[in-house]
Amino acid sequence: MSFASLGLSAPILEAVAKQGYETPSPIQAQAIPAVIEGKDVMAAAQTGTGKTAGFTLPVLERLSNGPRVKPNQVRALVLTPTRELAAQVAESVALYAKNLPLSSAVVFGGVKINPQMMRLRQGADVLVATPGRLLDLYNQRAVRFDQLEVLVLDEADRMLDMGFIRDIRKLLAVMPKQRQNLLFSATFSDEIRQLAKGLVNNPVEISVTPRNATAPTVKQWICPVDKSRKANLLTKLLKENNWGQVLVFTKTKHGANRLTTHLEGRGIKAAAIHGNKSQGARTKALANFKSNEIQVLVATDIAARGLDIEQLPQVVNFELPHVAEDYVHRIGRTGRAGCEGQAISLVCADEYKDLAAIERLIKQVLPREQVSGFEAVNKLPESRLDTRPIKPKKPKKDHRDGQRSGENAKGHKPQGKNKRHVGGQGKSQNESAGKPSNRSGAGTGAPKAKPAKRRAPRPASVTR
Ligand code: AMP
């Protein structure tokens, strides 16, 4: 099968060829014709399957035939959970739209809002955004949705995990009812299905990865070790193996900082990426990692979500995640697009329960390899695979109801008086909940956004 046979026109095909893609990936083969036809799509696909091109290419195809975008308007909107994913998707959109007279923009929190407001005055055929910042921009009248034709929810499961459901619902309420909806999610929990019910209309359902499957090209194993010796074991593994780039996951932001300092003290170039880092520091760490200036990127789950680092050979779980599904997401960073990868987990006795939950989810006992000299004093019990089916999780309340998940939760109580309404003023709940990502200045030391002033957008010249 070729890209041409999917109904894409010459300028897009040229941009695709320039990327070196020869054949469409399975998700692209299924999603592209459906989206071009104008159908709603619900796709179960993880990062690494080529899903970004799967929705971007046909959306661009559709937009290339429509009217020009007006100031402050948007014709296609892609919502993503994290700043990094937003930046990445926006980069892909710009690449694929290179030969088309279409404009694109990206907005997310953690950076100044004013340049984004200025940019939106020109309107954007495609806008990639994180929900919190987009809602801010809407409330400040910097963006309008009258011209919206297509809505894409990318990594919808993670957006719900991060407590964005209310922001998403507020945004949905101000969008035109007549629009095409594309929903992409790594997993389809009951909660996602509930969201989908009110969103997609008679959708084409696509699934390219079995639920919670791990890529067969990833070699996974665990290293039993005492907690106190993990950092030294990782140092040894890094020094003795010819690993090249390594993405290391820790459970906490402080853990990521501590490990980075430990590695740097032993001559290993490392940087940490997590929600307490400024956007500038996160972007720099990622760029340095991609350009091989640093060997080890130490990340927390949320910061690493959706990162697309080409052919990452090595993922290390310095600590296992509490949520078993995160293990699948983590090791999905390697073994992409058929490339071989290795995922190693350093597991101490305290993590036995987390290990058992992961093994139950992925339906396999992970092989163990003992590194000599690092035998655990506190023995990790032998695994016994729990083959009972996993009950679907109950839909979670979002953080505004006092339950939050993810690294952004700081334990601050949501403050009712700061509740923000679409079209209203004041801080978003994310901000009042101490949620640093996707909000202007939050968590970065930057000044908080002033209450929204209603002002008419000023005209600006449009560059395409
Ligand atoms: P995604 O799942 O969208 O994050 O894409 C994962 C990676 O696959 C990206 O680096 C893309 O550049 C690459 N990719 C997307 N489509 C194709 C294709 N048809 N052939 C080869 N690589 C692709």
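Helices H3 and H4 are oblique to each other, where angles under 35 degrees count as roughly parallel, over 145 as roughly antiparallel, 65 to 115 as roughly perpendicular and the rest as oblique. Before I go on, this is a predicted model, in which local features need a pLDDT of at least 70 and side-chain atom pairs count only at pLDDT 80 or more, while totals for chains, interfaces and linings use all residues. Residues are numbered from 1 along each chain as its sequence is written, and side-chain values use heavy atoms, with hydrogens and water left out.

Let me give the overall picture and then return to that pair. The chain has 16 helices and 13 strands, these being DSSP runs numbered from the N terminus, with helices of type H or I and at least four residues, and strands of type E and at least two. Of the 464 residues, 56% count as buried, and here buried means under 20% relative accessible area, exposed over 50%, and partly exposed in between, with a 1.4 Å probe and protein chains only. If we take the contacts in the chain with a separation of 6 or more, residues 24 or more positions apart account for 76% of them, a contact being heavy atoms within 4.5 Å.

Now back to the helices. H3, residues 51-63, and H4, residues 83-96, pack at an angle of about 45° with their axes 10 Å apart; the axes are lines fitted to C-alpha atoms, for helices over the stretch in contact, and angles run from 0 to 180 degrees between N-to-C directions. On the H3 side the contact is made by Thr52, Ala53, Phe55, Thr56, Leu57 and Leu60, and on the H4 side by Val89, Ser92, Val93 and Tyr96. These residues divide into seven nonpolar, three polar and no charged, on a scheme in which Ala, Val, Leu, Ile, Met, Phe, Trp, Tyr, Cys and Pro count as nonpolar, Asp, Glu, Lys and Arg as charged, and the others, Gly among them, as polar.

What does H3 meet in H2? The axes of H2, residues 26-36, and H3 come within 8 Å and cross at roughly 25°, which makes H2 roughly parallel to H3, and this crossing is right-handed too. From H2, Ile27, Gln28, Ala31, Ile32, Val35 and Ile36 meet Lys51, Ala53, Gly54, Leu57, Pro58, Val59, Glu61 and Arg62 of H3; the residues of that contact divide into nine nonpolar, two polar and three charged.

Lys51 of H3 deserves a moment. Is Lys51 buried or exposed? At 3% relative accessibility it counts as buried, and, not counting residues up to four places away in sequence, Lys51 touches Ile27, Ala45, Gln46, Asp154, Glu155 and Phe184.

Turning to the cores, the largest nonpolar core has 41 residues, and those with the most contacts inside it are Leu77, Leu127, Leu134 and Leu183; a nonpolar core is a set of buried Ala, Val, Leu, Ile, Met, Phe, Trp, Tyr and Cys residues joined through side-chain atoms within 4.5 Å. Apart from it lies another core, of 38 residues, among them Leu6, Ala34, Val35 and Ala86. Beyond its sequence neighbours up to four places away, Leu127 touches residues including Val74, Leu77, Val107, Leu134 and Val143.

Just after H6, Arg141 takes a positive phi of about 60°.

Asn72, in the loop between H3 and strand S2, has a positive phi of about 65° and, at 5% relative accessibility, counts as buried. Asn292, in the loop between H12 and S11, has a positive phi of about 70°, but at 54% relative accessibility Asn292 counts as exposed.

I will finish with Lys219 in strand S8, residues 218-224, which at 45% relative accessibility counts as partly exposed. Leaving aside neighbours within four places in sequence, Lys219 is in contact with Gly341, Gln342, Ala343 and Glu369, and its C-alpha atom is separated by 9.8 Å from that of Leu366, 147 residues apart along the chain.

How values were computed. A crossing is left-handed if the near helix is turned anticlockwise from the far one by less than a right angle, and right-handed if clockwise.
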